[in-house]
Amino acid sequence: MGSSRFRSSSRRSTQSETDHQLGFLIPRISRKYRSLSFDSGLRLIVSLSDNQSFESPTRLVMSSSVPNSDRKIVTGPAGYILEDVPHFTDDFPDHPTYPNPLQDNAAYSVVKQYFVDEDDTVPQKIVVHPDSPRGTHFRRAGPRQRVYFEPDDVLACIVTCGGLCPGLNTVIREIVCGLSYMYGVKRILGIDGGYRGFYAKNTIHLDLKTVNDIHRTGGTILGTSRGGHDTTKIVDSIQDRGINQVYIIGGDGSQKGAAAIFKEIRKRGLKVAVAGIPKTIDNDIPIIDRSFGFDTAVEEAQRAINAAHVEATSFENGIGLVKLMGRYSGFIAMYATLASRDVDCCLIPESPFFLEGPGGLFEFIDKRLKESGHMVIVIAEGAGQDLLAESMEESTTLKDASGNKLLQDIGLWISQRIKDHFAKKMTLTLKYIDPTYMIRAIPSNASDNVCCTLLAQSAVHGVMAGYNGFTVGLVNGRHTYIPFYRITEKQNKVVITDRMWARLLSSTNQPSFMKQDKIHSNQLVGEPGTMKW
Ligand code: F6P
């Protein structure tokens, strides 16, 4: 629902031009321009400080595999862009609305302004220059004055997909509590065992009683699985059961699945809302500040690092080596290292390293052992996979049911390589600790419980307010509704040319292991990761 103050591009148009890429264009002009505006065809008009102006030759959209017709871009003055999410009224302009029951809710009666202003949006980037364009924004989450469902008509379902993550049960619990307490919804189903549960299993009845204590345990009471996404069968099941609200808790693969379900629902003209709650312990979902469960993982990793430190300091030339999760992104390893102070070396997938020769890992281990007699190494599971692959006679390209490359155990491999290298030089004791599944199987900590609760409430508010086909996420500390495609088009990674990685290197005082010529190569320069501390 675009505000009247801003221009909204047509919602279901058939535009097919090849267009400029916003991220490419804005940095080039941002230092020189005086004002930015858009014409009704989404052409960018740039006025330069020397009184000249030009307009982009074609309509301005992001580049990605998502067609323009599936995007809802709203533009405003000074380069303001809202990447909006679909709304029930896009497809059903005459859909009935009802007053939000929260207006009679005792909890909300004390709030000065119960309902979120329709024009409230949240900027994606908060570090700006005086001459920066206003840039991309997302719709602010929260309750709206009118809702698009009557409580008695709602049949909601919740599904958890992919690997485990601390906080899954809290999100399930808080969706049930939010629907029940805030909106008076009584009929809520759990889908058993991930996407395939829609068509292969019976549903689970969820109410306030069944979810009361579930946040105290790890895992998911609904069960989960990888794969099993059959869009037609899933939407058939939604239609047959009369479900009209679908809450999908899952990682990027599952959110892509949610987008496919939403598309099919729209194609069939069903009045069904689909909302995603992003889940990844690796914190590899872009745009959002952090994903639930990440904080718990970093905290729990401390126990393994402490054990590694105790082992290392108790033996002559002791090394404690801890493997942490992080298939493509090293956030858990990086933050666990920064939190601990006992880690001497942190290795992540984004930062290439080598073992032998000057500047390599073996040289650093030798130096650190000589200096302090012990050391702790933290390695993310996706780090050094290139080295491991090189050393193997046969390369493997096996994938799991979610399409993720199956990784070799870098922890075991590197432990053996270190032992072999130092065998003839010194007495060395290396203890390898792999706490990965222990970390993700625990319940969420206090801070993640807050995060899960607010995400669940935001999802419920958005669905009740008629927003559809969105993911909820914290952006710069504010809850927002983000189009599915924005969180699935790429992964959030540690950018090793960013200040955060430099802070880690300064904290551990480890070498970067990078060859100088690579430091400023395109391969290593990317968008800063979305961790904002
Ligand atoms: O998807 C996130 C993740 O935590 C990865 O870091 C890890 O490799 C993977 O899950 C393992 O999950 P599973 O063994 O269940 O496939």
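Reply: Leucine 321 stands opposite tyrosine 432 in E19. The model is predicted, so local features need pLDDT of at least 70 and side-chain atom pairs count only at pLDDT 80 or more, while totals for chains, interfaces and linings use all residues. Residues are numbered from 1 along each chain as its sequence is written, and side-chain values use heavy atoms, with hydrogens and water left out.

Strand E16 covers residues 318-324 and is joined to E19 by 5 bridges, the two running parallel. Two strands count as paired if DSSP finds at least two bridges between them; the elements themselves are DSSP runs numbered from the N terminus, helices (H or I) having at least four residues and strands (E) at least two. Strands of a sheet pair through backbone hydrogen bonds, either parallel or antiparallel.

The sheet in question is open and has 4 strands in the order E17-E18-E16-E19, with parallel pairing. Its edges are strand E17 (345-347) and strand E19 (429-433), each of which pairs on one side only. On average, neighbouring strands of this sheet are turned by 15° against each other, direction ignored (axes are lines fitted to C-alpha atoms, for helices over the stretch in contact, and angles run from 0 to 180 degrees between N-to-C directions).

Serine 351 touches Ile496, Trp501 and Ser512, residues up to four places away in sequence not being counted; contact means heavy atoms within 4.5 Å.

Strand E14 (residues 245-250) is joined to E15 by 6 bridges, and the two run parallel. In this pair, isoleucine 249 stands opposite isoleucine 277 of E15. From E14 the chain crosses through helix H8 (residues 252-267) to E15 in a right-handed β-α-β crossover: with the strands pointing away from the viewer, the path from the first strand over the helix to the second runs clockwise. Strand E20 (residues 470-475) also runs parallel to E15, with 2 bridges between them, and glycine 276 stands opposite threonine 471 in E20.

Why is E15 described as largely enclosed by the rest of the structure? The reason is that 6 of the 6 residues of E15 are buried. Ala273, Ala275 and Ile277 are buried on one side, and Val274, Gly276 and Pro278 on the other. In a regular strand the side chains alternate between the two faces of the sheet.

Helix H8 contains serine 254, which is buried with a relative accessible area of 10%. Its neighbours within four places in sequence set aside, serine 254 is in contact with Cys161, Gly162, Tyr195 and Ile248.

Aspartate 282 is buried, with a relative accessible area of 10%. Residues up to four places away in sequence aside, aspartate 282 touches Met325, Gly326, Arg327, Ser329, Phe331 and Ile332.

Key:
Buried means under 20% relative accessible area, exposed over 50%, partly exposed in between (1.4 Å probe, protein chains only).
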